[in-house]
Amino acid sequence: MRTERAFVRGKGSRTFRCRVCCRNTRITSQIDVNPDTCGECSNLAGQQNAVWDGCYDFTTDTPYRDKLLAKIVKLGGDGDKVKAYFADLFSDA
Ligand SMILES: [Zn+2]
């Protein structure tokens, strides 16, 4: 019986520059949705969509938003650029 590998060898070491926070990041499965955006910025993009759709709750969803931003900054991303890019999402900040 042949065993299938769950991943392609070498794929995990590929990096690219996120167009939102400008940090170098590794390619993850989320990149399929946003080809040039890191995982955290992809999540923030989803949150901003929720703002536009009127289903974002600044009271309950903001801690997660801030957690993502803190992670981006910690990993070397530009927090100001992220806030500017997602201006509607950070309209209360
Ligand atoms: Zn990013």
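Helices, at least four residues long, and strands, at least two, are DSSP runs numbered from the N terminus. The model shown in these views is predicted.

**Figure 1. Overall arrangement of the chain.** The predicted chain contains three helices and two strands. Read from the N terminus, its elements follow the order β-β-α-α-α. Of its 93 residues, 19% count as buried. Among contacts with a separation of 6 or more, 45% are accounted for by residues 24 or more positions apart.

**Figure 2. Helix α1 and the residue that follows it.** Helix α1 spans residues 39-53, 15 residues in total. The distance from its first C-alpha to its last is 21 Å, close to the 21 Å expected at 1.5 Å a residue. Buried positions in α1 are Gly39, Glu40, Cys41 and Leu44. The packing partners of these buried residues are α2 (62-74) and α3 (79-85). Just after the helix, Gly54 adopts a positive phi of about 75°.

**Figure 3. Packing of α1 against α2.** The two helices pack at an angle of about 155°, and their axes lie 10 Å apart. Because an angle over 145 degrees counts as roughly antiparallel, α1 is roughly antiparallel to α2. From α1, the contact involves Glu40, Cys41, Asn43, Leu44 and Gln47; from α2, the residues are Arg65, Leu68, Lys71 and Ile72. The crossing of α1 past α2 is left-handed.

Figure 4. Glu40 is a residue of helix α1. Beyond its neighbours within four places in sequence, Glu40 contacts Leu68, Lys71 and Ile72. Glu40 and Lys71 are 31 residues apart along the chain, with 7.8 Å between their C-alpha atoms.

**Figure 5. The largest nonpolar core.** This core has 12 residues in all.

**Figure 6. Cys22 in the loop between the strands.** Cys22 is located in the loop that joins β1 (15-17) to β2 (24-26). Its phi is near 65°, a positive value in a residue other than glycine. Cys22 has 15 other C-beta atoms within 10 Å and is therefore partly exposed.

**Figure 7. Asp88 in the segment after α3.** Asp88 belongs to the segment that follows α3. Asp88 counts as exposed because it has 11 C-beta neighbours inside 10 Å, and the limit for exposed residues is 12 or fewer. Not counting residues up to four places away in sequence, Asp88 touches Gln48, Val51 and Trp52. The C-alpha atoms of Asp88 and Trp52 are separated by 8.1 Å, although the two residues are 36 residues apart along the chain.

Terms used. Residues are numbered from 1 along each chain as its sequence is written. This is a predicted model: local features need pLDDT of at least 70, side-chain atom pairs count only at pLDDT 80 or more; totals for chains, interfaces and linings use all residues. The expected span of a helix is 1.5 Å times one less than its number of residues. A residue is buried if 20 or more other C-beta atoms lie within 10 Å of its own, exposed if 12 or fewer, and partly exposed in between; C-beta atoms are placed from the backbone. Two residues are in contact if their C-beta atoms, placed from the backbone, lie within 7 Å. A nonpolar core is a set of buried Ala, Val, Leu, Ile, Met, Phe, Trp, Tyr and Cys residues joined through C-beta atoms within 7 Å. Axes are lines fitted to C-alpha atoms, for helices over the stretch in contact, and angles run from 0 to 180 degrees between N-to-C directions. Angles under 35 degrees count as roughly parallel, over 145 as roughly antiparallel, 65 to 115 as roughly perpendicular and the rest as oblique. A crossing is left-handed if the near helix is turned anticlockwise from the far one by less than a right angle, and right-handed if clockwise.
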